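Q: How do I read a protein model? Please take me through it step by step.

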Amino acid sequence: MQKYKELGQDAMLKLLSDYKTAVDATTILSTTDKNGIITYANEKFCEISGYSLDELIGHDHNILRHPDMPKEVFRELWETIQRGDTWQGIVNNRAKDGHTYVVEANIIPVKNENGVIEEYIGIRRDITAEYLRSENIKSELELQRAEIKNLTLIDGVTGLANQQAFCNFLQNNEDKITLIAFRVDHLSNIKDVLGYGFADAYMRQFIENVSSYFEGFANKLGIYRIDTDDICVVLDGEMPHAKKAAEDLISMAKFFYATHNDISLNSPITVAAYTGSHNLRHKIITLLSFAFDRHRGEYIVGDDESAC
């Protein structure tokens, strides 16, 4: 401080001018009166906002307010500076041409010798590029999380939606739907004798046939692998021809396995069909297990009105 006191008036004015030049070159600066009316704006402020100094002076600072900024932010800002404290925060502004720019802002109350607030100084730094990079990173992370989440809902062997996806669907469904589930028989034996890769390939090929069969159904909502040996087709609404679809699946399975000489099965699949709207996961699994135990290689059909 002593060296400044020793400066003459001209030297002090030059020093202050140099300081102002440095601030103007790096900082978005403005001053307002106690009511938020702009009394000064530096060149950098005019440059980033797109307004000339004449267009700014005498206007409320909310001329720059972005419609996406919450009103609560500005309420907090005013409460902070009116009690004499400095407010700091990130603000989205809207330039004259409508584009958005983002600043890191410090709003500082200026008091007179009696401690009364006379005006406010706004010192800001343009962080638009940093903010956009940050938002892009956030978006990429959200996409990655979504992809990871989707992967957790896909069966790795067949590419079908898995049991968790099936549960999620049923949890959000309140409408009447028809479930046609089938259990692939002796799959574990096939794995033991011919290997997992062989069994997986057979499973994929058979599922492709099933998918092709149901492709023509306008009310098909999805196909899920709900357990290691169990597949479930979900159809919208009632299925008047559920028995026909079950018979077709069994015929398809017998033909599929008959054309593959590597394995020989008399009852390649067991089918259960159920129409309803509540507690469907439990009902279809129970019905499928009952069919497998009592009617192996055949099919059984039930609904909310039947005893099944």
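**Helix packing**

A: Start with two helices. In this predicted model, helix α9 (residues 196-214) and helix α10 (residues 242-258) pack at about 145°, their axes 11 Å apart. Helices are DSSP runs (H or I, at least four residues; strands are E, at least two), numbered from the N terminus. Axes are lines fitted to C-alpha atoms over the stretch in contact, and angles run from 0 to 180 degrees between N-to-C directions.

Q: Which residues of α9 and α10 make the contact?

A: Contact means heavy atoms within 4.5 Å. From α9 come residues including Tyr 202, Phe 206 and Tyr 213. From α10 come residues including Leu 249, Met 252 and Phe 256. By class, the contact has 11 nonpolar, two polar and two charged residues. Ala, Val, Leu, Ile, Met, Phe, Trp, Tyr, Cys and Pro count as nonpolar; Asp, Glu, Lys and Arg as charged; the others as polar.

Q: What volume does the largest pocket have?

A: A pocket is an open set of points on a 1 Å grid where a 1.4 Å probe fits, with protein on both sides within 12 Å along at least five of seven lines. Its volume is the space filled by probe spheres set on the points. Here the largest is about 390 Å³. Of its 22 lining residues (an atom within 4 Å of a point), His 61, Phe 74, Leu 77, Ile 107 and Arg 124 are closest to the centre. The lining has 12 nonpolar, seven polar and three charged residues.

Q: What is the mean pLDDT of the chain?

A: pLDDT is the predictor's confidence in each residue, from 0 to 100. The mean is 85, and 86% of residues reach 70 or more.

Q: How are residues numbered, and what is counted?

A: Numbering starts from 1 along each chain as its sequence is written, and side-chain values use heavy atoms, without hydrogens and water. Local features need pLDDT of at least 70 and side-chain atom pairs 80 or more, while totals for chains, interfaces and linings use all residues.
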